[in-house]
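Hi,

Here is the structure I promised to pass on. Have a look at it first, and then read my notes below.

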Amino acid sequence: MTKIIKFGGSSLANGDQYQKVIDIINADPKRQVIVVSAPGKRFDGDIKVTDLLIQYANETVAGKDSSKTLATIIERYQQIADQFNVSADQFKQIADTLTNLPNQKYPNNEYLLAAFKAHGEKLNAELMAMVLNQLGVESRFVDPSEAGITVSDDDPNAATVLPETYENLGHFGYGKEKLVFPGFFGITKEGNIATFARGGSDITGSIIARGLNIPLYENFTDVSAIYAANPKIIDHPIAIKKMTYREMRELSYAGFSVFNDEAIIPAIEGKVTINVRNTNDPDAPGTLIVPEGGFQAEHPITGVASSNHFAALYLHRYLLNKEVGFTLKLLQIFYKYGISYEHMPSGIDDLTIIFDKNQLNQDKIKAMCNDIHDILHPDKLQWIDDYAIIMVVGEGMVDQTNALSKSIDPLAADNIKVNMINQGASQISIMIGTRKSDANRAVVDIYNQFFNQQEGE
């Protein structure tokens with residue numbers, strides 16, 4: 001059974017990390033398909049190669065001298081190449097590609113930025129193939145254009161994969177050699193490079209796993225597992241041994257960032273099992289992310305997470321429930337400003353709309369609120385910037401009659417005000433709105449309620 005294996009930027013930051021990756025690849029002959037990120041930070045305060053490439057792109061667009069940035073990027077790859085005795089002739093193609101990036105033709109500056117960024121992964125994949133071959137491991141670099149990884153052209157820095165990609169990959173032939181793919185980007189139908197929005201290498205791994213019909217996707221990062229809560233909030237939270245796709249999606253919504261939530265979609269479609277593991281502790285079993293069918297929950301909840309990137313708009317108007325078209329007019333205002341909402345809990349005379357603040361700025365908020373005031377004439381309109389979302393998630397909640405009360409009771413005991421409660425239709429999640437300042441305490445209270453009490457029973 002062939003496995004696909006992906007390594008994040010911290011796993012490939014320097015020659016020593018490269019050696020760990022090579023040892024992991026060689027430890028299992030089934031690990032034939034490899035996806036790599038660009039070299040990440042080597043130490044605190046270091047700069048990722050992707051960020052250096054963004055700087056290089058911005059200097060190019062502005063017509064500034066970029067020689068220092070270029071030299072820094074080349075040196076990052078050179079240090080790795082030297083550690084594995086890659087010949088000067090071979091490495092020259094990497095240095096030349098970087099040097100010539102400003103001289104290529106791009107449809108516009110957005111495509112230029114995408115192409116510059118994507119070369120962090122592209123050149124690292126080329127270098128990895130060189131290193132593996134140097135060590136006697138037969139390998140070849142596979143460009144997304146060769147594999148037919150085709151993406152949308154509506155936003156070159158937030159592309160989405162097109163359906164024909166999977167047909168293309170289904171016809172992609174290979175032998176016994178290791179295949180090294182760059183993550184993070186694909187090719188538009190016009191032949192231009194376009195990158196995924198974020199966590200792009202995770203997305204690439206899922207796409208290839210589905211397209212090549214590979215059942216196991218090992219995603220190596222810098223943590224030994226996905227944990228039931230943020231280790232920065234909870235001291236030594238329990239490791240999650242196994243979780244479902246939809247649990248991962250729900251928790252990612254509130255800040256679980258170990259595995260990109262968008263990358264789950266191709267895996268779901270291809271029924272691919274994902275194994276999140278640690279490059280620096282390769283013997284640790286990690287966390288399995290699996291389909292829901294036949295899943296047996298180990299705990300009533302799988303995890304609890306919080307996120308502060310939300311805001312809310314509160315509207316009060318008497319007889320709101322009797323007014324036909326009120327919500328339609330509200331949605332038309334959101335559409336006018338290109339704003340999507342996350343949730344809309346309501347009462348008889350009250351409506352709260354929750355937004356992801358990443359799509360908003362103060363000017364847009366002010367203009368939108370003015371329109372709502374002028375068109376809908378609410379008795380009260382209040383913008384709430386101090387808003388956090390807590391997600392309590394677990395397949396085991398379906399069989400629990402007291403999951404909601406167990407989530408809320410410790411918050412009441414800790415004098416934490418709850419602004420909103422919403423139990424998801426899937427019955428595997430509870431969403432709780434609190435003040436930002438209370439979010440971490442809420443996570444601690446809920447975690448202790450579900451996990452520490454069980455340990456003491």
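This is a predicted model: local features need pLDDT of at least 70, side-chain atom pairs count only at pLDDT 80 or more; totals for chains, interfaces and linings use all residues.

**What I found**

Strand β1 (residues 3-7) and strand β7 (residues 216-221) run parallel and are joined by five bridges. A quick word on the terms: helices (H or I, at least four residues) and strands (E, at least two) are DSSP runs, numbered from the N terminus, and two strands pair if DSSP finds at least two bridges between them. Within this pair, I4 has Y217 of β7 as its bridge partner.

Residues are numbered from 1 along each chain as its sequence is written, and side-chain values use heavy atoms, with hydrogens and water left out.

**The eight-stranded sheet**

β1 and β7 belong to an open sheet of eight strands with mixed pairing, in the order β3-β4-β2-β1-β7-β11-β12-β10. At the edges stand β3 (139-141) and β10; each has a single partner strand, so one side of each is left without a neighbour in the sheet. On average, neighbouring strands here are turned by 20° against each other, direction ignored. For this and the other angles, axes are lines fitted to C-alpha atoms, for helices over the stretch in contact, and angles run from 0 to 180 degrees between N-to-C directions.

Strand β10 (residues 242-244) pairs with strand β12 (residues 287-290) in the parallel sense over three bridges, and T244 has V290 in β12 as its bridge partner. Strand β11 (residues 273-278), by contrast, runs antiparallel to β12, again with three bridges; there V276 is partnered with T287.

Helix α1 (residues 15-26) lies across β1, β2 (31-36), β4 (178-182) and β7, and runs at about 170° to β1. Helix α9 (residues 245-253) packs on the sheet too, touching β10, β11 and β12, with its direction at about 80° to that of β10. Contact here means heavy atoms within 4.5 Å.

Is E218 buried or exposed? E218 is buried, with a relative accessible area of 1% (buried means under 20% relative accessible area, exposed over 50%, partly exposed in between, with a 1.4 Å probe and protein chains only). Not counting residues up to four places away in sequence, E218 touches K3, I4, I5, K6, R31, N275 and R277.

**The five-stranded sheet**

There is also an open sheet of five strands, ordered β14-β13-β15-β17-β16, with antiparallel pairing. Its edge strands are β14 (350-356) and β16 (420-423), each pairing on one side only. Neighbouring strands in this sheet are turned by 30° against each other on average, direction ignored. Inside the sheet, six bridges link strand β15 (residues 380-393) to strand β17 (residues 429-434) in the antiparallel sense, and I389 has G433 of β17 as its bridge partner.

α9 turns up again here: α9 lies across β13 (303-316), β15 and β17, running at about 140° to β15. Helix α11 (residues 326-336) packs on the sheet as well, touching β13 and β14, and its direction makes about 25° with that of β14.

**Helix pairs**

The axes of helix α2 (residues 49-62) and α3 come within 9 Å and cross at roughly 155°. α2 and α3 are therefore roughly antiparallel to each other (angles under 35 degrees count as roughly parallel, over 145 as roughly antiparallel, 65 to 115 as roughly perpendicular and the rest as oblique). The contact involves V49, L52, L53, Q55, Y56 and E59 of α2 together with T69, L70, T72, I73, R76 and Y77 of α3.

Helix α3 (residues 67-83) also packs against helix α5 (residues 109-134), at an angle of about 15° and with the axes 11 Å apart. That makes α3 roughly parallel to α5. Y77, I80 and A81 of α3 meet H119, G120, L123, N124 and L127 of α5.

Finally, S152 sits in the loop between α6 (144-147) and α7 (164-170), and S152 is buried, with a relative accessible area of 10%. S152 and T188 are 36 residues apart in sequence but 5.9 Å apart in space, C-alpha to C-alpha.

Cheers
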